[in-house]
Structures are given as structure tokens and as C-alpha cells.
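Hello,

Here is the structure I promised to pass on. My notes follow below it.

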Amino acid sequence: MTPDRLRTLLSTYGADWRRWPAGERDAARALLARDAAAQQRMLDHAAQLDDWLASHAVAAPDRALSERIVAGASTTLRARRERAWWWRGAGLAAIGLAGSLAGAWGVSLALHDFGANPGDWPLRATAFSALPADWSDE
Amino acid sequence: MSGDDDPDAQLLAGVGRNDPEAVRQLVARKLPRLLSLAQRLLGHRGEAEDLAQDAFIRVWKQAAHWQPGGARFDTWLHRVALNLCYDRLRRRRDDAPAPDDETSDPIDPAPTPERALLDVQRGQRVAAALAALPVRQREAIVLQYYQELSNVEAAALMQISVEALESLLSRARRALRAQLIGDTTE
């Protein structure tokens, strides 16, 4: 820690060592302790602005604002839950529809194969398949 | 920053289950800091309150999906609030500082009325000086000084290096000193 870096810390982070970078606090405080008189003016200078900044207080949130935010939670969480249920239902419906479509497709494929070649033998054969259609052999 | 030891993780889990008590506790724990951040950055109480409500709506939407082990919730919430502040600041058509109506808000009790009046006047001057800062300098001083974030956390939120943060802080303090104390040395 050099006097220059200590000066930078004070002009950047202020006089309160708890606001300084954690890795430099000990060294900076040690330097201050070694030569307090020399550094006191810098410390006072930084503390003066800190005092000003500390005077800027923000009023605590009022109860009405807190209540509005809490009320918003139940509305948002309920809507999210309802959406989740909707998506879950839609998902199940989509799965069901997909199953139906897959089944219909499978059946159509099977029927398509069955009718693709009408003369296939022996798939479509019956006991009368070999007989002439005009019964001329009879 | 790891969220393994995130002090808000348990509350968030409760919020995700729509536990009303967890919701109340989270609001009580986070709203004051969120409001401070927004009011100091925007310079306007009403806007800060609107922003806080918007930020919490995002919290409620995310709570059920929150995964421990990532960023800490407080860091995430600061990020959300900063983004909402950027949006609002961008929407402002001119660079004039917004009027700060916080003077109508109650302040902490002071020992005497004279002292309270002095505090109010000083607070008003600081608010005006903050509002006059360039946005990035204001953001740096609000995160580091008022929100009490470490330099690493503030730099990460602003997506800049620590060195760049220090430069912004140093310039911000110099400008504030000139405005408030009339002193241009640092």
C-alpha cells in the first residue's frame, strides 16, 4: 500500500474503511495507523463528503405499497399456476392426438399394403381363386 | 458470485409454492433497498414505487424456477431493477433531472425540529447533486455507497471492470464535492 493508493481509496470509496476493497483494507489501515497525523487531513476531507451523502435518506416504503406488491404476488402466482395447468392439459391432449394420428397412419399403411397389388398370391387367395370366373370348367 | 449460500433461497422456495408468509417476508426484506436504489437513480418517488412493483412481478414469475447455485437472488434483483431504471431513463425525452418529491415523505425522527429541517435541506441538496450527475456516475455511487455493494459486485452489475468503476466513483465524488461543498479538490 502506497500513500498514492491510499489517497485513491479515500477519493474513490470515502473515509469508511468498511467500504474499501476487502483485499486492501488491512494494508491501508496499517498505513493510516503508522502515520495518522499525515493522513488525517485526507481522511477528514473524504469524511466530509461522506457526511453529506449520508444525509440523503430515502423514506421507508409505506404499508399501502407493500400491500399492493403482496397482492400482486397472489395474482401473478395464481395466473402462472393456471397457465401451467393449461399447458399440462394441452400437452396431454397433444399426446392423445398424436397417438390417434399415429394409429390412423399405421392402419392406413397396412390397408395400403394390402391393396397395393390385387393379384398377389397367396395373400388374397381363397378356395375359389383358381377357378375361372365363368365357371367354364364346371 | 455463487448462490450456494444464498440467504434468500429458502424464502424464494416458499414464494414458488405460493406461501403467503414467504411472500410477505421477501417483500419486507427486499422492498426498502429496492426502493432506495430506484429513487436515488430516478430521483422520483412515484416512479421508484412503480418500478418496485414491476420488479416484484418479475420476482413472482421467476420464483418457482429459481435454481440455487447460480447468481445470488439479491444480485439478480439489482440487475432487474437497474434494467428497469435504464428503460425509464431512456424514455425520458430530455436530460433534465426529474423533480424529486421525496421531501413530502417522512424522515427519521431527529432530536430537534431545527436539526430535522437541516437534515431535510441537506438531503434535498444531495438528491439534486445526485440527479445532476451523469447516469453512469450516479449508478456507481448509488451501488457502492448507498447499496453498500462491494466494488466487485457493483462492477459486475454495471458490466465494467473494477478499474472503470473506480474511475466513475472518483469522478462522481469529485462532482458531488464541488456541488455540495464548493470544493473542487479531492
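A salt bridge is a side-chain nitrogen of Lys or Arg within 4 Å of a carboxyl oxygen of Asp or Glu. One joins the side chains of A:Asp50 and B:Arg173, at 2.9 Å from N to O. Between chain A and chain B the count is five salt bridges.

Some ground rules. This is a predicted model, where local features need pLDDT of at least 70 and side-chain atom pairs count only at pLDDT 80 or more, while totals for chains, interfaces and linings use all residues. Residues are numbered from 1 along each chain as its sequence is written, chains are lettered from A, and side-chain values use heavy atoms, with hydrogens and water left out.

Now the contact (heavy atoms within 4.5 Å). Chain A puts in 38 residues and chain B 49 residues. Together they bury about 4100 Å², 58% of it on carbon and sulfur atoms. That is the accessible area (1.4 Å probe) lost on being put together, summed over both. A:Trp52, A:Leu53 and A:His56 supply 19% of the area that chain A buries against chain B, more than any other three residues.

Next, helix H8 of chain B, residues 162-180. Helices are DSSP runs (H or I, at least four residues), numbered from the N terminus. At 1.5 Å times one less than its number of residues, H8 with its 19 residues should span 27 Å; its end C-alpha atoms are 26 Å apart, which agrees. Its buried residues (under 20% relative accessible area, 1.4 Å probe, protein chains only) include B:Leu169, B:Arg173 and B:Leu176. Just after H8, B:Gly182 takes a positive phi of about 70°.

Best wishes

Definitions and conventions: Helix = DSSP H or I, 4+ residues; strand = E, 2+ residues; numbered from the N terminus. Buried < 20%, exposed > 50% of the residue type's maximum accessible area, 1.4 Å probe, protein only. Buried area = accessible area lost by both parts, 1.4 Å probe.
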